[in-house]
Amino acid sequence: MKRTLTVAVLIAISVGAPRAHSQDSSESAQIKALIQEVNDLKARIAVLEAKQAGTQSSVVSAQASVKTNDDPPAPPQTASGTETTSFGFLRGIKLQGFGSLGYKASDIKVPENSFFGFRPGSMGNFAIGDVDLFVTSALTSKATVLSEIVFTETDSQKFETDIERLLVKYDFNDYFKTSFGRFHTATSYYNSVFHHGRWLQTAVDRPLVVEFADDGGLLPTQEIGVSVTGRIPSGKLGLNYVAQYGSADTIRPQINRPGAIEIDENNGNGVTVGLFAKPDWLPGLDIGGSFYHDRLSPDNQPIHIDQSIGSTHVVYTTPRFEFLNEAFIIQHRVEGGGQTFNTPAFYSLISQKFGRKWRPYVRYQYANASTQSPLFGDVGLRHGPSAGVRFDYNDYLALKIQYNRTLRRQLATINDLALQLAFRF
Amino acid sequence: MRKYRKHLVCYGVALLLAACYAFATQVKEKPKDEDVEVAVIVNPTNPVEALSLADLRKIFAGEKQSWGAPGPIALFVRGPGAREREVLLNRILKMNESEYQQHWVRKIYSGEASRQPLALLSNGMQLEAIRAEKGAIALISVQDIHQGVKVVKIEGRVPGMSGYPLK
């Protein structure tokens, strides 16, 4: 009996000893388990509260709970309809800058007009290009001001200042957003999405057809007026609309005649309407088109011209992949039984990011204007490929190198090489 | 020695049981950070009860900017390195940090959005923001949820249910 007791004590000691060693760890494990349990309970309480709130506001939630997405907005719940959000977190001015430094070399024999600080006839020179100051500020939770002030280098290293965009925006909801002021027209996808900051676009330059009008582009890229946009209740199709009415004043330099008088189109008020889809089933896909119409009274020409521009785009972009395709038909109909000139144009750009920094790209562009056109006689037929690589040093600095080959009707082909250091700050 | 054989066996069995117990308690370790579920919270006055992952992507990508009745959506996110930020980037937006930054620069510059989501340093600040802003929405680890906010169902599930997508 004594022996048995001794053995029992020994067993108890033996078992107790490791337990004493593991007591701390088991206690801490228990504490952790209890903390976890408390956290789980907290989550459960929050969920129950959510459910309770749901039942209390059953009328509201029945209308708005599961829908939330593509149905038209419900009327405001507040009696006065005024904004009741405290919004204290969101006030303030935000300033962002974009800039670029460039070098361009070309084998062109007969000089063409050059822009962004590049000199006509130069075989190669450096230029600053655009310096872009972009300012946004919230006025209320629904109203914001946006302005884009650009300093552009001329070919004599002087700088011109332009207010490229100045908008007061008021977003009623996702279905009705308004803007008043100077904006980039919705005549093309590129013009709506990419603005003056070169850092934002993959390529060194914009395709000719969507280049800004004061740099030789073919579209009325800017207007002062009103713009309305928003979603259309369309389920997973993700339809959106845009409508703009405003005054453009397009002044185009003649791209193949350096020093020649610029063509002031003296636009009447223009109307743009557009429709595009961003389907839910493929985020990044954007398909749509727009139509623009205005009446031109070009300087030094005793004619009036009806200008109509139709455009369509198919775009697929993800953070790593970009496929832009856009086609245009620009029609100029001389009033009083005059001729009609149709200028077709398109561009296509594809790029893929490899790793974290490298993004090679290829672009092809085409524009074909009649040499008899009262407005685009300087353009003629121009088409050709561009190929380049963009290297993102970090989130603020990108180096691009691009080769362009431009074939022209009855004129020598141009080969040029462009380097660009684009940055934001 | 033979006399003690029985006791030695008992002692051995007891040791084995003790070892098993100790092992069992050790195995029940605290949940890994990757297993912590992340809830979607809004202001309690917001009538929204449920969202799909596609809705969340649209909201946090700035494509959907208004709730309708409660007004504009105010986005709050955690700063880089937080668990909620990882879930936002990996599960919802499928972007890395750099792509997220670029996405918002483009969005604001094109005029499609007026401001980037406000990045907050702690979940406590997120809770305060959600309570203060009627249209606010944020992601928060479930253990940090407190009263005064509403948890929204994602794909019909609340945190804790099997198949909940944000973890």
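What covers the buried residues of α2(B)? The cover includes β1, β2 (50-51), β3 (74-78), α3, β5 and β6 of chain B.

**Helix α2 of chain B**

Helix α2 of chain B spans residues 53-60. Its buried residues are D55(B), L56(B), K58(B), I59(B) and F60(B). After α2(B) comes G62(B), which has a positive phi, near 80°.

One of the elements covering α2(B) is α3, a helix made of residues 83-93 of chain B. In general, a pair of packed helices is described by the angle between their axes and the distance between the axes. Here the axes of α2(B) and α3(B) come within 10 Å and cross at roughly 120°. Angles of 65 to 115 degrees count as roughly perpendicular and those over 145 as roughly antiparallel; α2(B) and α3(B) are therefore oblique to each other. Their crossing is left-handed. On the α2(B) side the contact is made by L53(B), L56(B), R57(B) and F60(B), and on the α3(B) side by L88(B), I92(B) and L93(B).

**Strand β1 of chain B**

Strand β1 of chain B, residues 38-42, is another element that covers α2(B). Five of its five residues are buried, so the strand is largely enclosed by the rest of the structure. In a regular strand the side chains alternate between the two faces of the sheet. In β1(B), V38(B), V40(B) and V42(B) point one way, while A39(B) and I41(B) point the other way. Residues on both sides are buried.

β1(B) pairs with two strands of chain B, β5 and β6. The table sets out these pairings.

| Partner of β1(B) | Residues | Sense | Bridges | One bridge pair |
|---|---|---|---|---|
| β5(B) | 136-141 | antiparallel | five | I41(B) and A138(B) |
| β6(B) | 150-154 | antiparallel | three | V42(B) and K150(B) |

Both β5 and β6 are also listed among the elements that cover the buried residues of α2(B).

**Confidence along chain A**

The average pLDDT of chain A is 83, and 79% of its residues score at least 70. Over residues 8-22 of chain A, pLDDT stays under 50, and the model gives this stretch 14 contacts beyond four places in sequence. Residues 53-89 of chain A are also below 50, with 59 contacts in the model beyond near neighbours in sequence. Where pLDDT is low, the predicted coordinates should not be read in detail.

Conventions
Residues numbered from 1 in each chain as written. Chains lettered and ligands numbered in written order. Buried ≥ 20, exposed ≤ 12 C-beta atoms within 10 Å, placed from the backbone. Helix = DSSP H or I, 4+ residues; strand = E, 2+ residues; numbered from the N terminus. Pairing = 2+ DSSP bridges. pLDDT = per-residue confidence, 0-100. Contact = placed C-beta atoms within 7 Å. Axes fitted to C-alpha atoms, helices over the stretch in contact; angles between N-to-C directions. Parallel < 35°, antiparallel > 145°, perpendicular 65-115°, else oblique. Left-handed = near helix turned anticlockwise from the far one by under 90°.
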